Amino acid sequence: MNPAALLRIAFQCSFRVQRKLLRFAWNGHRAIGAFRRRQEENRPFFPAFWMLSVTNRCNLRCRGCWVEQTAEPCQLSLAQMQGIVDTARKYQSRFFGILGGEPLFHSDLFTLFEKNPDAYFQLFTNGTQLDSEIAERLAKCGNVTPLISIEGLETESRIRRGKGDVFAKSIAGLETVTGAGLFTGVSASINRRNFDELVSAEYLDFLIGKGVHYLWYFIYRPCGRDPDFETALEKEQILALRRFLVEQRRRAKILILDAYWDGAGNALCPGATGISHHIAPNAAVEFCPIVQFTDGFLNEDASNLERILQQNTLLKNLRTFCAEQGRGCVLLEAPRELAQFLRENGAEDSSGRDLLAELETRPPMICHDLPGCEIPETSLGYRLGKRYYFFGFGAYG
Ligand code: SF4
């Protein structure tokens, strides 16, 4: 790891933001340790982290998005969100990815952030709503890191987002939050069209110049009503992305994240390991954001969350099923087998579409599990980080 990537945080983020970040680092360490012990000692299951899609309302309609927007927006109530946070706290779990739709359209979001100073929130946003007032409120909270999705430079953003001004607005939002001293990230889901412009040292330097502290690369997963299968990455491109990550982690003055590979370069599925699960805007407790099936919806204050996780069987069986299918993404690699499993287990489709029909007709696709092509981390910092905080947790034997 290039120490400059950490020094930039010390010089650019406010003292409050840094203090909360250190607290998150310590709590994250404890959350993983507690999760690991629960798994090893066969104690009641509870993930270490949660992905919460707090609303399906959005100002964009991006190609490949899995979120079904409705005329009357669907969202988690403040009581449900607070109930999730309170329950998770009992299991040392204090980190929450906040997704949408566009989560900043949820009017109670800041109440959640302010009422839970010991928790840490990663705000997955398209950046178009990040004005100076919101940036100031986030900086005052200190326990929120904005993660702005940029799916391409001007042209590709227009194609993916379906609007011409999104790139400029996202960059303006980005500059506003970095200017407010926030620990700021950018995410990108890489496909064939944006590969060359976003998987490059020039793009990293562009983001560093804008004050960005970390970049999270996702592999494009064609989903939703308009999946755009043709732009999904080929094997050689996935390997090239992996090589780029490993190389740039030693060189770049920016942190680079992924949720696909352990320190040795073995693929894994976060859902199959149980390290994180997802709650949808309609309160469905799901395996992950794109495997939108459930056997339990939260009640009005989420007080039934533990029962859904520990007494219902779908998520437990799905973790085992996915690990048996392979180390990659079951939705991409084995959609038909997944559909059959879900039917046999009486899973309820919580997508708002006919996702079972989609699974039965979509083509199997290649993903990040490429046996025999493992590329291990070469940066000691990332190798140790992955070894202690991101590995199979026994899911793959
Ligand atoms: S099924 Fe795919 S998208 Fe879901 S957690 Fe696993 S790898 Fe990620």
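**Around the ligand and beyond**

Around the ligand stand Arg221, Cys269, Pro270, Gly271, Phe287, Cys288, Ile290 and Cys329, a residue being near a molecule if one of its heavy atoms lies within 4 Å of it. By class this shell has six nonpolar residues, one polar and one charged, where Cys, Pro, Phe and Ile count as nonpolar, Arg as charged and Gly as polar. This is a predicted model, in which local features need pLDDT of at least 70 and side-chain atom pairs pLDDT 80 or more, while totals for chains, interfaces and linings use all residues. Residues are numbered from 1 along each chain as its sequence is written, and side-chain values use heavy atoms, with hydrogens and water left out.

On the surface, Arg16, Arg19, Arg23 and Lys140 gather in a patch of positive charge; patches are made of residues with over 30% relative accessible area (Shrake-Rupley method, 1.4 Å probe) and no salt bridge, like charges being joined within 9 Å, with the place of a charge taken as NZ of Lys or CZ of Arg. Helix 2 (residues 15–40) gives the largest share of this patch, three residues, and Arg16 lies in that helix; helices are DSSP runs of H or I with at least four residues, and strands are runs of E with at least two.

The structure holds 25 salt bridges, each a side-chain nitrogen of Lys or Arg within 4 Å of a carboxyl oxygen of Asp or Glu. In one of them the side chains of Asp228 and Arg63 meet at 3.8 Å, N to O. Asp228 lies in the loop between strand 6 and helix 10 and Arg63 in the loop between strand 1 and helix 3, so the pair ties together parts that are 165 residues apart in sequence.

In the backbone, a cis peptide bond joins Gly100 and Gly101.

Conventions: Patch = residues over 30% accessible without salt bridge, like charges linked within 9 Å, V, L, I, M, F, W, Y side chains within 5 Å. Lys, Arg positive; Asp, Glu negative; His and termini not counted.
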